[in-house]
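The report that follows goes through selected features of one protein chain, heading by heading. Please keep the sequence and the structure at hand while reading.

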Amino acid sequence: MEITFWTMFNQMTGLFALLLIGYSMNRLGLLSEHTEEVLSRLVTQLFLPALTIYTFMEECTMENLRTYGSWIVYGTLFVGASILLAILLARFMAGKNRYLEGVYRYVLAFPNTGGVGTPVVLALFGTAGLFQYQLFQLLNSIATYGWGITQMIPNPPARTWTDHVKHICNPVFVATAIGAVLGLTGVGSYLPSVVPSTLQTIGNAYSVSAMLLVGFVLGDYRVKDMINGKTSYLVSFVRLLVIPCLYLAVLRLFHAPHMLCVMTCLVYACPAGMNTVVYPAAYGQDTRPGASMILISSALSMVTIPCIYMLI
C-alpha cells in the first residue's frame, strides 16, 4: 500500500469526524449521562484487550521478536527522553502554576497512542504493523501509569508497591502477556477458529468507539471555551511537531530503519489524550486546560501527522 499525504490525511480526517460525532451526540443529549462510563469500560476493558490478544497471538513469534525485539530498547530510550523533555519544558510553560505544570508534563511525555495512533497503524499496516507499534511503545504504556498519571493528581498519596503493580497490570498489559504466550508457544494456532475470529471482531470495534469516546468527553465543554487558551496552542505545537521532528532527526542521523522512523512518527506525533481530563476530574481539578489541548491538538494532528510522515 503506497501511503501518500492524502492517504494519511484521509485516515486522520475520518478519526476526527468520529470525534465530532461523539461531541455532537453529547451536546444534543442523544445518549444517557452514563454513556461516558460505559464506553470507557468497553474501550479499555474489552475492545482494546481483545485487539491486543489477537495481534500478539498472530504476530508474536520468535522470528518477529528477533527482528523487532530491539525496538523495545529504542522505545525505552525515547520514553526516558520524553519524560526529561516534559519536565524541563512544562516548568517553563506553566510558570508558577504547579497543577498546570503536571498536566503539561503528562501531555508532552505521553501522546494519545491508543485513541489515534493505534487506529491509524491498524488501518495502514494491519496487525503486523500494530505488533511492531505495540512493541515500540511497550514501556511507554507502563510509564504512563507508573509515573505519568501521578503528575496530574494534587498531593498524590504515598503508594505501596502493590498500588504500582495494580496500575501497571491493567487489562491491556495483561492482554499483551496472554497474546504473547499464545503466539510464542504456538497454542494460538490450535485454538478453535471461532476464538481468533471473535477476538478480531471485538477488536475491530476499538477504533470507532475510542474516538467517539474522546468526542463524547469533550461534549461536556463548549468549543469557544476550549480554543481560547494560548498556552494550549504552544503545548500542542511542541507535542505535535517539535518532539517528533527532534526524534526523527536523531533516527535519521543514525540511519535507523525506515519502519522504526514510521513507528516513532505515529507514536510521538499523536495529540493529547483523554487522561488529561479524566484524572483531574476525579480529583476535583480544573479540566478545561486538558480539554482544550485535546481538541486543539486533535484538530491540528489531521495535518501535522501526514506532514511529518512525509518527512520520513
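## Helix pairs

Which hand does the crossing of H2 and H9 have? The coordinates come from a predicted model, and in them the crossing of H2 and H9 is right-handed. Two packed helices are described by the angle between their axes and the distance between the axes. For helix H2, which covers residues 35-59, and helix H9, which covers residues 171-185, the axes come within 7 Å and cross at roughly 25°. Because angles under 35 degrees count as roughly parallel, H2 is described as roughly parallel to H9.

A second pair is formed by H14 and helix H16 (residues 288-311), whose axes come within 10 Å and cross at roughly 160°. That angle makes H14 roughly antiparallel to H16, since the class takes in angles over 145 degrees. H14 passes H16 in a crossing that is right-handed.

The buried residues of H14 are Leu260, Cys261, Val262, Met263, Thr264, Cys265, Leu266, Val267 and Tyr268.

## Salt bridges

Side chains of opposite charge can pair when their charged atoms come close. The structure holds six salt bridges, and one of these joins Glu37 to Arg41, with the closest N and O atoms 3.1 Å apart. Both residues belong to helix H2, where they are four residues apart and therefore separated by about one helical turn. An α-helix has 3.6 residues a turn, so residues three or four places apart point the same way. Glu37 counts as partly exposed at 42% relative accessibility, and Arg41, at 49%, also counts as partly exposed.

In helix H5 (residues 98-109), Arg98 and Glu101 lie three residues apart, which is about one turn of the helix, and their side chains meet in a salt bridge with an N to O distance of 2.3 Å. The two partners fall into separate accessibility classes: Arg98 counts as exposed at 53% relative accessibility, whereas Glu101 counts as buried at 3%.

Another salt bridge brings together the side chains of Arg222 and Asp225, at 3.0 Å from N to O. Arg222 is partly exposed at 42% relative accessibility, and Asp225 is likewise partly exposed, at 36%. Elsewhere, salt bridges that share partners link Arg91, Arg98, Glu101 and Arg105 into one network.

## A nonpolar surface patch

Which residues make the nonpolar surface patch of about 410 Å²? The patch is made by Phe92, Leu234, Phe237 and Val242, and its largest share, three residues, comes from helix H13, which spans residues 230-253.

Val242 is found in helix H13.

## Separation in sequence and in space

How far apart are Ser207 and Pro119 in space, given that they are 88 residues apart in sequence? From C-alpha to C-alpha, Ser207 and Pro119 are 5.2 Å apart. Ser207 is found in helix H11, which covers residues 206-218, and it counts as buried at 16% relative accessibility, because the limit for that class is under 20%.

Leu139 and Lys96 give another example, being 43 residues apart in sequence and 30 Å apart in space, again from C-alpha to C-alpha. Leu139 is found in helix H7, made up of residues 138-148, and at 31% relative accessibility Leu139 counts as partly exposed.

Definitions and conventions: Residues numbered from 1 in each chain as written. Predicted model: local features only at pLDDT ≥ 70, side-chain atom pairs only at ≥ 80, totals over all residues. Heavy atoms only, no water. Patch = residues over 30% accessible without salt bridge, like charges linked within 9 Å, V, L, I, M, F, W, Y side chains within 5 Å. Areas by Shrake-Rupley, 256 points an atom, 1.4 Å probe, with all protein chains shown as cover. Salt bridge = Lys/Arg side-chain N within 4 Å of Asp/Glu carboxyl O. Helix = DSSP H or I, 4+ residues; strand = E, 2+ residues; numbered from the N terminus. Axes fitted to C-alpha atoms, helices over the stretch in contact; angles between N-to-C directions. Parallel < 35°, antiparallel > 145°, perpendicular 65-115°, else oblique. Left-handed = near helix turned anticlockwise from the far one by under 90°. Buried < 20%, exposed > 50% of the residue type's maximum accessible area, 1.4 Å probe, protein only.
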